[in-house]
Amino acid sequence: MVYISNLSDHVDEEVTLKGWVYNYRSSGSLYFVEMRDGSGICQCVVAQDAVSEDAWEQTEALRQETSLEITGKVVEDERSIGGHELQVSDLNIYQVAEDYPITPKEHGVEFLMENRHLWLRSQKQWAAMRVRNEIIYAIHTFFQERGFVQMDAPIFTGNAAEGTTNLFETEYFDDQAYLTQSGQLYGEAMAMAHGLIYTFGPTFRAEKSKTRRHLTEFWMIEPEMAFYDLDMNMDLAEDFIKFIVKRVLDRRPKELEILERDTSKLQKTAEEGFPRISYTEAVEQLKSDDMAAMLDQMVADRKQEVEELKEEREEIEKERGQAKKWRKAQIDERVIEIGKRLDEIEENLRNIPDWRESALNFEWGQDFGGSDETLLTMKYDTPVLVHRFPAAIKAFYMKRDPENEKLALACDMLAPEGYGEIIGGSEREEDLETLRKRINEHGLDEDIFSWYMDLRQYGSVPHSGFGLGLERTVAWLCGLDHVRETIPFPRMMGRLTP
RNA sequence: UCCUCGGUAGCUCAGCGGCAGAGCAAUCGGCUGUUAACCGAUGGGUCGUAGGUUCGAAUCCUACCCGGGGAGCCA
């Protein structure tokens with residue numbers, strides 16, 4: 001079979017493509033059919049005098065998403081998307097699609113989510129899924145090339161290790177079971193068997209969060225390494241992200257273009273070292289005069305942008321009266337765009353004082369909020385690694401800093417451009433008695449963790465690991481503003497179908 | 001759970017107390033180089049639901065339902 005993605009190997013040949021009508025335009029006895037076949041889009045030109053009467057009749061019956069096969073000669077043409085076009089000699093319809101709901105015009109989120117099964121066919125969604133696939137491939141390549149073994153943690157877990165509030169409950173024969181919220185503890189067991197392992201699987205959180213960064217079902221990659229300390233852990237995490245970003249830049253430029261992704265910051269991520277700051281330094285940064293000045297500057301910049309946008313809107317609205325129809329449409333579109341941006345800025349301006357207050361009044365020992373994370377990443381173009389958090393806000397299994405008992409040897413990686421935490425990791429506590437003490441301090445049931453404590457009983461070693469959120473990574477690399485577009489069928493608060 | 005914005009034609013929206021509107025989609029017609037093509041015509045409504053105020057409600061009030069964004073929580 002010939003696919004649109006390799007039409008360049010068939011220039012001047014006659015080929016048959018099988019696919020769907022993405023869009024079409026007609027001009028009397030000439031039809032332009034944008035055909036997609038899953039691998040790309042190609043414009044096919046049907047001239048009435050170049051095809052049989054039957055083929056012409058079928059051409060006139062075409063509707064958006066009609067499935068068909070088209071035969072024609074491949075020619076290079078700059079006017080066409082993809083640089084090639086097909087001069088059609090024959091055409092056969094599989095099925096005429098009546099009233100396809102998603103038109104080439106704009107649609108709202110709710111409607112698109114209801115039609116997610118069809119929305120996946122649209123260009124940007126198609127491109128995002130290709131990038132997702134490239135990221136997944138890069139993840140496996142990175143670990144496999146370094147001798148890591150992929151192993152799977154269970155999805156059903158019998159005991160709610162750290163409380164049930166954010167776990168999904170389900171029935172397991174006559175028992176209660178929960179859906180996993182992390183494979184990490186199992187990862188540690190597997191690392192003690194194979195040295196270097198990673199898990200790649202779904203994770204479930206029953207958090208009632210309705211934000212652009214949350215799903216109830218998402219995919220997490222969790223490497224776990226025997227004999228790795230925190231620094232080695234952070235080195236690996238940095239190399240890992242660089243590798244993924246490079247791969248996507250190298251191999252998916254076309255998709256990034258469809259997504260209208262500005263890749264300049266991704267380029268820097270692929271090339272430059274990531275800053276590493278301790279939690280304590282991060283707190284100082286938040287409370288600093290620099291931060292306050294940056295926020296003031298931000299307010300000033302936004303206010304100026306508002307003025308500029310309003311001016312532009314006034315000007316084009318004046319022009320609208322005597323504009324031609326297509327220009328009117330263009331103006332209307334721009335006015336809507338400006339309106340959206342103004343709403344966004346308005347919300348920003350409302351929020352900045354809160355952000356400022358939250359940052360300036362931040363007290364050592366608290367966990368960072370969403371706005372604090374955004375502020376911390378704002379002055380860098382690459383991700384930032386924050387390490388050595390107060391132990392009190394971190395999980396029981398994290399090793400304490402030998403130089404300061406109050407600190408846990410944890411690290412978070414914050415993505416730039418407001419995408420937030422993409423990685424969370426730590427060096428694990430390897431001493432049996434210390435671990436037992438922590439379990440009790442956290443009010444957890446020791447019995448549940450007996451197998452986990454066995455890992456410290458039999459040949460305990462220093463070890464570390466981290467977890468990467470796949471959907472947040474996809475959102476960041478694609479420049480999408482919501483994780484719901486990074487997975488084929490997102491599961492989130494109030495969304496279980498399709 | 002809380003804060004905030006919204007629900008009007010298949011879709012995106014305007015109308016905000018006095019006749020239910022536009023663009024796109026659909027249907028019919030025109031056009032041999034279109035790029036969300038264009039031009040002309042036609043059909044299309046439980047104004048989220050229930051109650052209330054009013055001579056009169058899409059518009060004002062109350063409750064509820066659904067959705068967006070955010071807080072908390074988190075990857």
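## Pairing of β2 and β3

Phenylalanine 32 is placed opposite valine 45 of β3 in this predicted model. Strands β2 and β3 pair in the antiparallel sense, with seven bridges; pairing requires at least two bridges found by DSSP. Helices (H or I, at least four residues) and strands (E, at least two) are DSSP runs, numbered from the N terminus. Four residues separate the strands in the hairpin of β2 and β3, where glycine 38 adopts a positive phi near 95 degrees.

Residues are numbered from 1 along each chain as its sequence is written, while chains are lettered from A and ligands numbered from 1 in the order in which they are written. Because the model is predicted, local features need pLDDT of at least 70 and side-chain atom pairs count only at pLDDT 80 or more, whereas totals for chains, interfaces and linings use all residues.

Strands of a sheet pair through backbone hydrogen bonds, either parallel or antiparallel. Here five strands close into a barrel with mixed pairing, in the order β1-β2-β3-β5-β4. From one strand to the next, the twist averages 55 degrees.

Within the barrel order, strand β3 (residues 41-47) runs parallel to strand β5 (residues 84-95), and three bridges join them. Glutamine 43 faces glutamate 85 in β5. Helix α1 (residues 53-61) lies across β2 (30-36), β3 and β5, at about 85 degrees to β5. Axes are lines fitted to C-alpha atoms, for helices over the stretch in contact, and angles run from 0 to 180 degrees between N-to-C directions. Contact between two residues requires their C-beta atoms, placed from the backbone, to lie within 7 Å.

## Packing of α6 and α8

The axes of helix α6 (residues 230-251) and helix α8 (residues 264-271) come within 8 Å, crossing at roughly 135 degrees. The two helices are therefore oblique, a class for angles that are not under 35 degrees (roughly parallel), over 145 (roughly antiparallel) or 65 to 115 (roughly perpendicular).

On the α6 side, Lys242, Val245, Lys246 and Leu249 meet Leu266, Gln267, Thr269 and Ala270 of α8. This contact of α6 with α8 comprises four nonpolar, two polar and two charged residues.

## Surroundings of RNA strand B

Of the 61 residues around RNA strand B, those that come nearest are Gly28, Arg79, Gly108, Ser209 and Gly370; a residue is near if its C-beta atom, placed from the backbone, lies within 6 Å of the strand. Strand β16 (residues 420-427) contributes four residues, the largest share of this surface.

Definitions and conventions: Nonpolar A, V, L, I, M, F, W, Y, C, P; charged D, E, K, R; others polar.
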